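Let's take a friendly walk through this fold together. Have the structure open as you read, and follow along in your viewer.

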Amino acid sequence: MIAVADAGYKAIAPDYRGYGLSDPPPEPEKASPLTTPMTWSCFSMLSTFQSTVKLDGKVFLVGKDFGSPIAYLIALLYRKRISGVVALGVPFMPPRPPTHHKGLPEGFFISRWKEPGRAEADFGHFDAKTVVRNIYILFSKSEIPIAGENKEIMDMVEPSTPLPPWFTGEDMASYGALYEKSGFRTALQVPYRSMHKHLDIPDSKVEVPSMLIMGEEDYVFKVPGIEDYIRSGEVKTYVPNLETIYVPEGTHFVQEQFPDQVNQLLLTFLSNRN
């Protein structure tokens, strides 16, 4: 955000409803990207900022992980307001229930976290800061987090395992404090327990300029079918004006691992299409 603002843009980062400092939705268990105010709130903020900070015209959207499908969803629903989309770690997928996880073992983290109550019990053995710590350790590896039989996802991290060198104790404390406030209730519902919902969007082609940034060591490449979907160019069936950037040695947290490089990629994309 600082790099973008220093370049003369207005940078806005909303807390998704039920995350960070925001209030949770009235019924978190019924939330999904469409039924929750999550997507609508992101869009309605554009109108608010037009008057408060003189935000004029169209905007660029930047989404990381499940923020990527949220950004693309906004681009599909509000086409006239969006100039471009930048996604990190997760490519555009057609808005229908995913099937890529079906070939993975029962211990696949998404399968575990989709099960009501299971992740809550697993996370409940730790404070929020430790949960964040374990997630950063697990998801910065090149292998998909898959728990063994009779094991939980948090069991996969030994207490003595060090943090990635680019993720500091201060980072962990800041993120942990936010989850201490919000809890993980909405975070487990959206995306994990709502991704099976069908989104009725007749035209699911994203026509605006887009960029996908993937770390070469991102575990997402190990999800069946995803690497071929990206590298073969099949993704461009749905996002025809897409540029894909591969960052050597980059993990799923490439923006924290290589912030200067990612900032430069983002600024180049913005300046070339503004």
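The sections below go from the overall picture to the sheet, its helices and the nonpolar cores.

## Overall picture

Please keep in mind that this is a predicted model. The protein contains eleven helices and four strands. It has 274 residues, and 46% of them count as buried. Its exposed surface comes to about 13800 Å², with carbon and sulfur atoms supplying 54% of that area.

Now for the pairings themselves. Strand β1 (residues 59-64) runs parallel to strand β2 (residues 82-88), and six bridges join them. Within this pair, Gly 63 is opposite Ala 87 of β2, while Lys 64 has Leu 88 as its bridge partner. Moving on, β2 is joined to β3 by four bridges, again with the strands parallel; here Val 85 is partnered by Ser 210 of β3. Finally, strand β3 (residues 210-215) pairs with β4 in the parallel sense over six bridges, and Leu 212 can be found opposite Thr 244 in β4.

## Covered and enclosed elements

Strand β1 shows two faces: Val 59, Leu 61 and Gly 63 lie on the covered one, whereas Phe 60, Val 62 and Lys 64 belong to the uncovered one. In β2, six of the seven residues are buried, so this strand is largely enclosed by the rest of the structure.

Which residues of helix α8 are buried? They are Thr 186, Ala 187, Leu 188, Gln 189, Val 190, Pro 191, Tyr 192 and Arg 193. That is eight of the nine residues of α8 (residues 185-193), so the helix is largely enclosed by the rest of the structure.

## Helices on the sheet

## Nonpolar cores

As background, nonpolar side chains in soluble globular proteins tend to be buried together. Here, the largest nonpolar core has 62 residues. Those with the most contacts inside this core are Tyr 72, Phe 92, Phe 109, Trp 113, Phe 123 and Val 206. Apart from that core lies another, of 14 residues, including Leu 88, Ile 245, Leu 266 and Leu 270.

What does Phe 92 contact, leaving aside its neighbours within four places in sequence? Its partners are Tyr 72, Leu 76, Ser 204, Val 206, Tyr 229, Val 235, Tyr 238 and Val 239.

Methods. Residues numbered from 1 in each chain as written. Predicted model: local features only at pLDDT ≥ 70, side-chain atom pairs only at ≥ 80, totals over all residues. Heavy atoms only, no water. Buried < 20%, exposed > 50% of the residue type's maximum accessible area, 1.4 Å probe, protein only. Pairing = 2+ DSSP bridges. Areas by Shrake-Rupley, 256 points an atom, 1.4 Å probe, with all protein chains shown as cover. Core = buried A, V, L, I, M, F, W, Y, C linked by side-chain atoms within 4.5 Å. Contact = heavy atoms within 4.5 Å.
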